[in-house]
Structure formats: structure tokens, C-alpha cells
Amino acid sequence: MTGKEHKSICAFLIDHRLNQQELFEEFYDHIVSSYEDRPDKAENIHSHLETVLKDLGGKKGMRKILIARHQAYGRVYSKRLKELFWSFFRWPMALYSLLILGTIYLLTLIFPTQQLFTWLMLLISLAPITIGGFFALKFNRKCRKEGKIYRSRVSHSAALKPALLLTFPIHIWNLSVTMFGSDVALTLNQNMALTTVFTVLLITFTLTCLRLMTEANTEKLTTS
Amino acid sequence: MSSSKLLKGSLATIVMRLLEEQEKMYGYEITQKVKELTAGEFKITEGALYPTLHKLEAEGFLTTETQKVDNRVRKYYSLTREGNAEAKSKVAELEAFLVQLQKVLNPKPSLG
């Protein structure tokens, strides 16, 4: 494999958006293996890549592969997310949940105002997105330093998705309460018991997202 | 109809059966093994193979490990314990289906 051939394969993969680590590495190996194994050694890399594209079902087929890969990771991570979340309500992790519940209850007694919880929830809901972004940035820098072609991982985006999907509406909700103060929202937020339960669930979910991201980052959890 | 279209529905079973035999294989190796076993009659397209592998992996039937080969990363697939049980059941299901299909394609003349 010459440098020029390597570059052509990389460009092919980038052009077809197979530019995340898991996809890039698997398809790079596939193409190199098939190229080395080609029956007609006179065939150059460009015509070989055309054959590869055809076998992959053209641009449409490659898009399907990309979507299927993301969906597969999504399924694995949402299953793991549920496992991690419920583990906070089982021994020994339930101790953490009780500790959070106790702390929040005490806070409601010391600061009996919904404003504090609104801002607390805002801060908490931002944590997974911030940490997920940090992991993604760290990986990006590592790839640049090592001269890798890819800059991101499918697993990072799959682990970040639940945090984005579920904490974002909460974020919007709290913001709208703070800014516009609708009657229903105020009634709900003035109910301290409800606020406590909601805050505990939010903190537990945030911790779940953080654990999921840590696992994705340290590669403990991979579909690989 | 091309053999590829007929193969599509049985692809997961074929992949799992091969992994039952070989313990661990990588994507390209699977396509070549099928080609070799069928003397080139069956050709698994990569466009169908990888989504199948990724789906089986997400369902917990396959596990993967990576190895560095010739300065590149190679991803090997192998069956999990659940995958082994699923492979046996899928192969049995396909065999039973083929028996029934054979009856439909070659009906024996009735004696009565």
C-alpha cells in the first residue's frame, strides 16, 4: 500500500461521511484487505474504489450503513442508560439517591424558594452536555495530535444524545418559568414536595448520563 | 431474482453459522468465506453485511474485539453466549424452512 493509495482510501471514506473512528477503521481495513486481495493486480485504487462503492450499494447504500451503525449504537446506549438509571434505585447505589433526596429536602427547608431550584436544575441539566462536549473535544485534540483522519466517535455522540434529548426540554421549561412565569409552572414549582422529587429524578438522570459518557469515553461500554 | 436478494433474509443466520464454526471473523473475511464455500455462487454485498453485523452486535448476539494488523485496526466479531443459542435456533429454523420449501418446489405425486 503506497502513501498515495492510502490517501485515496481516506479521501473516499471522508467523502462518504464514514469519518468517525468506529466506521473509518472498519471500512479502511475492509477496503485495504479487498485491494490487497484483488485478482487483477493491474487494477488501480481508483477503479477498485468504484467497485467497493458498488458493493456497498452506492451512495445510498453507504448512507444506510451509516444510519444503521448510529441506530445500533443508539439501541445499545439507551439499553445501558436504563440499566444505569434503575441501578440508582437498587442497593448499593440507592444510598446515593437517598443522600440526594435528603440533601434536597434539607435545602427546601433552609431555602424555601422555588427560584433556587430553578437555577439548581438549570446548572445540573447543563453538566452532561458540558462534560460530553469536553470528552469530544479531548478526543478531537488527541486525534489531531496523533495525525488521525477521523476526529470523533459514534459512541460519543450516542452517549451524548440522551442528555441532549432529555435535559434540553427541562432546560427550556426552567428558562420559560424563570422568564415568563406561567401560572401552571409557578404552581408546580411552588409545590416543594413535587420540586424535591423532580430535582432528585433530574440529578439521578444527570448522574446516569455522566456515567454513560464516562463509560463511552473509557471504552468500557462499546458495542466493540 | 439474483442470489443476493434471496440471501438477504438469511444473512443473519449465515453470519452466525460461520461464526459458530470460526470463533471470530472480520467483515471482509466473512464475505470471502461465503464466496469460497459456494464457489463464488453466493456473494454477500458489504452494503448488506455491515448493517447486519452491527444489528446483531446491538442485539447482544455478537461481541467485537480489535487487533492491530499491518498497522491498521481490524475488528473481529464473535458470538456471545446468547448469540450461540440464537445461532443454533436460527439454523434449525432455516433448515426446517428449506425442507418445507423443497416440498412446495418438488411436490410428490399423490397416490390417491
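Residues are numbered from 1 along each chain as its sequence is written, and chains are lettered from A in the order in which they are written. In this predicted model, local features require a pLDDT of at least 70 and side-chain atom pairs a pLDDT of 80 or more, while totals for chains, interfaces and linings use all residues; side-chain values rest on heavy atoms, with hydrogens and water left out.

Chain A contains 9 helices and 0 strands, where helices are DSSP runs of H or I with at least four residues, strands are runs of E with at least two, and both are numbered from the N terminus. From the N terminus on, its elements therefore read α-α-α-α-α-α-α-α-α. Of its 224 residues, 46% count as buried, a term that stands for under 20% relative accessible area, with exposed meaning over 50% and partly exposed in between, for a 1.4 Å probe and protein chains only. Among the contacts in chain A with a separation of 6 or more, 74% are accounted for by residues 24 or more positions apart; contact here means heavy atoms within 4.5 Å.

Chain B has 5 helices and 3 strands, in the order α-α-β-α-α-β-β-α along the sequence. Of the 112 residues of chain B, 40% count as buried. Residues 24 or more positions apart make up 49% of the chain B contacts with a separation of 6 or more.

A pair of aromatic rings is described by the distance of the centres and the angle of the planes. Rings of Phe, Tyr and Trp (its six-membered ring) are paired if their centres lie within 6.5 Å; planes under 30 degrees apart count as stacked, over 60 as edge-to-face and the rest as tilted. Over all chains, the search of the whole structure finds 11 aromatic pairs. One of them joins A:Tyr73 and A:Tyr77, which is tilted because the centres are 6.0 Å apart and the planes stand at 35°. Both residues belong to helix α4 (residues 58–87) of chain A, where they are 4 residues apart, about one turn of the helix. A:Tyr73 is buried at 0% relative accessibility, and A:Tyr77 is buried at 1%.

A:Phe139 and A:Tyr150 form a stacked pair, with 6.4 Å from centre to centre and 15° between the planes. A:Phe139 lies in helix α6 (residues 114–145) of chain A and A:Tyr150 in the loop between α6 and α7 (154–180), so the pair ties together parts that are 11 residues apart in sequence. Both A:Phe139 and A:Tyr150 are buried, and together with A:Phe24 and A:Tyr28 they form one aromatic cluster.

A:Gln20 is buried, at 12% relative accessibility. A:Gln20 and A:Tyr150 are 130 residues apart in sequence, yet their C-alpha atoms are 5.4 Å apart in space. When residues up to four places away in sequence are not counted, A:Gln20 touches A:His70, A:Tyr150, A:Ser152, A:Arg153, A:Val154 and A:Ser157. Of these, A:Arg153 lies in the loop between α6 and α7 of chain A and is buried, with a relative accessible area of 4%. The C-alpha atoms of A:Arg153 and A:Ala136 are 8.1 Å apart, across 17 residues of sequence.

Helix packing can be followed within chain B and between the chains. Axes are lines fitted to C-alpha atoms, for helices over the stretch in contact, and angles run from 0 to 180 degrees between N-to-C directions. In chain B, helix α3 (residues 27–37) and helix α4 (residues 46–58) pack at an angle of about 125°, with their axes 10 Å apart. The two helices are therefore oblique to each other, since angles under 35 degrees count as roughly parallel, over 145 as roughly antiparallel, 65 to 115 as roughly perpendicular and the rest as oblique.

Helix α4(B) also meets chain A: the axes of helix α2 (residues 21–36) of chain A and α4(B) come within 13 Å and cross at roughly 140°. That makes α2(A) oblique to α4(B). Here A:Glu26, A:Phe27 and A:His30 in α2(A) meet B:Glu46, B:Tyr50 and B:His54 in α4(B).
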